[in-house]
Amino acid sequence: MVAAAVREDSDVIKQPDWEDFVHTGPDTLAGRYLRHFWQPVEISRKLETGRAKPIHIMSENFTLYRGETGQPHVLAFRCAHRGTQLSTGWVEGDDLRCFYHGWKYSSDGQCIEQPAEPEPFCNRIRIRSLPTEEYLGLVFAYFGEGEPPPLPRYPVFESFDGVRLAAGPTVWPCNYWNRMDNDPIHPPFVHRQHHGTPPQLEAWETESGMAYRASHPDGSGGIAFKYMPNVRHYSAYPLPGTTERWQGLSWRIPVDDENCVSFNIRIIPATGEVAERYESGDWGSGFSPAPASEMAGKVLRGEIPVQELETLPNALEAQDYVSMIGQGAIADRANEHLGKGDTTVIMLRNLWKRELRKLAEGEPLKEWVRPGLEPATGGD
């Protein structure tokens with residue numbers, strides 16, 4: 001059982017492990033929890049057949065490749081022989097051969113060839129292999145121990161009218177919890193070009209995580225969802241060339257403790273030429289004159305005022321970048337002063353605390369089910 005917070009000296013109070021969401025290495029409580037769930041590791045169209053590449057997630061390194069049969073696979077980062085990087089090697093069928101001395105591994109991690117050994121001992125060599133699946137244009141991997149749970153499905157994103165796009169990986173120089181902690185109160189200030197006033201919030205636990213309703217004085221508002229442990233389902237302002245709100249599904253995943261990656265699915269209600277432009281690249285590259293992070297970085301460095309972001313085609317992303325990166329790589333939560341407007345922030349943290357404490361004490365975790373059954377009508 002993990003001990004509660006205790007005073008170690010006159011100035012420092014130790015935080016219980018179940019209140020530490022930001023550290024997610026393999027030996028941390030939050031890291032162990034995240035590894036109970038499937039996580040996206042690449043956009044399907046970006047993983048070429050016969051190509052291997054390195055990936056870094058939750059402070060660990062792995063090798064991702066697509067076999068010549070078209071199946072994606074994830075193996076350990078290094079060869080068991082002399083430790084060189086396996087992603088530099090050759091894909092042969094669904095196997096991977098090391099660049100250094102030619103040791104060959106099957107997709108389940110078993111060594112099957114040792115060309116320079118007169119008496120091969122392949123049967124004694126096996127490296128780590130992770131379960132992988134493809135869905136909604138993303139490649140997912142399961143980083144936990146034992147048999148993985150079924151990969152969650154999101155019906156709203158399977159049947160739709162418009163364009164479905166998968167984008168990522170988008171890496172931001174901040175802890176993933178900076179992005180997880182985003183809330184519905186910020187839009188009237190961060191995205192003020194869309195006007196509006198701060199909404200009244202109501203949040204409740206669901207079978208899949210939490211749902212929350214934002215209600216404005218004029219009667220407008222909507223419902224959005226946060227699926228445990230790190231998925232957000234929302235609706236947002238119309239994109240350039242469209243007139244209706246779009247549906248978004250986002251995963252916020254630690255790269256390490258000071259960097260995070262996002263993978264995103266969007267359903268955009270677009271047809272004709274507008275749809276073709278969005279399908280031509282991530283979020284329609286023809287609409288985006290510069291990466292959001294480039295312009296937002298200028299704001300954070302004091303080179304331009306934040307108002308200059310308001311007219312950008314990718315203004316929402318650039319403005320969110322300023323607000324989240326501006327909190328620091330790892331935000332100082334100890335000195336926060338939360339209020340009633342932070343309902344969704346408090347609820348998500350409490351869900352995490354409850355589940356991490358269960359994990360620490362060896363109790364059964366809640367089985368989160370049935371995400372993505374209905375469209376979001378609001379968001380943050």
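Which helix and strands do the buried residues of α7 pack against? Keep that in mind as you open the viewer. This is a predicted model, in which local features need pLDDT of at least 70 and side-chain atom pairs count only at pLDDT 80 or more, while totals for chains, interfaces and linings use all residues. Residues are numbered from 1 along each chain as its sequence is written, and side-chain values use heavy atoms, with hydrogens and water left out.

**Stop 1: helix α7**

Select residues 343-360, which make up α7. Helices here are DSSP runs of H or I with at least four residues, and strands are runs of E with at least two, numbered from the N terminus.

Now colour the buried residues of α7, among them Val345, Leu348, Leu351, Trp352 and Leu356. Buried means under 20% relative accessible area, exposed over 50%, and partly exposed in between, using a 1.4 Å probe and protein chains only. The buried residues of α7 pack against α1 (29-34), α2 (176-180), β13, β14 and β15 (221-227); contact here means heavy atoms within 4.5 Å.

A salt bridge is a side-chain nitrogen of Lys or Arg within 4 Å of a carboxyl oxygen of Asp or Glu. Lys358 and Glu355 are three residues apart in α7, so about one helical turn separates them. Both are buried. Just after the helix, look for Gly362, which takes a positive phi of about 75°.

**Stop 2: the nonpolar cores**

Next, centre on Trp352. Beyond its neighbours within four places in sequence, Trp352 is in contact with residues including Phe21, Tyr33, Trp177, Met228 and Pro229. In the largest nonpolar core, of 87 residues, Tyr154, Leu249, Trp251 and Trp352 touch the most other members. Such a core is a set of buried Ala, Val, Leu, Ile, Met, Phe, Trp, Tyr and Cys residues joined through side-chain atoms within 4.5 Å. Apart from it lies another core of 15 residues, including Tyr65, Cys79, Val91 and Trp103.

**Stop 3: the seven-stranded sheet**

Switch to cartoon view and trace the open sheet in the order β12-β18-β17-β16-β15-β14-β13, with antiparallel pairing. Two strands pair if DSSP finds at least two bridges between them. At the edges, β12 (163-172) and β13 (200-205) each pair on one side only. Zoom in on β12 and β18 (residues 259-268), which pair over eight bridges in the antiparallel sense. Leu165 stands opposite Arg266 of β18.

**Stop 4: charged pairs**

How many salt bridges are there by this rule? The count comes to 24. Select Arg370 and Glu207, whose closest N and O atoms are 3.1 Å apart in a salt bridge. Arg370 sits in the segment after α7, and Glu207 in the loop between β13 and β14 (209-215), 163 residues away. Arg370 is exposed at 51% relative accessible area, while Glu207 is partly exposed at 46%.

Finish with Arg333 and Glu336, joined by a salt bridge of 3.1 Å from N to O. Arg333 is partly exposed, with a relative accessible area of 24%, and Glu336 is partly exposed at 27%.
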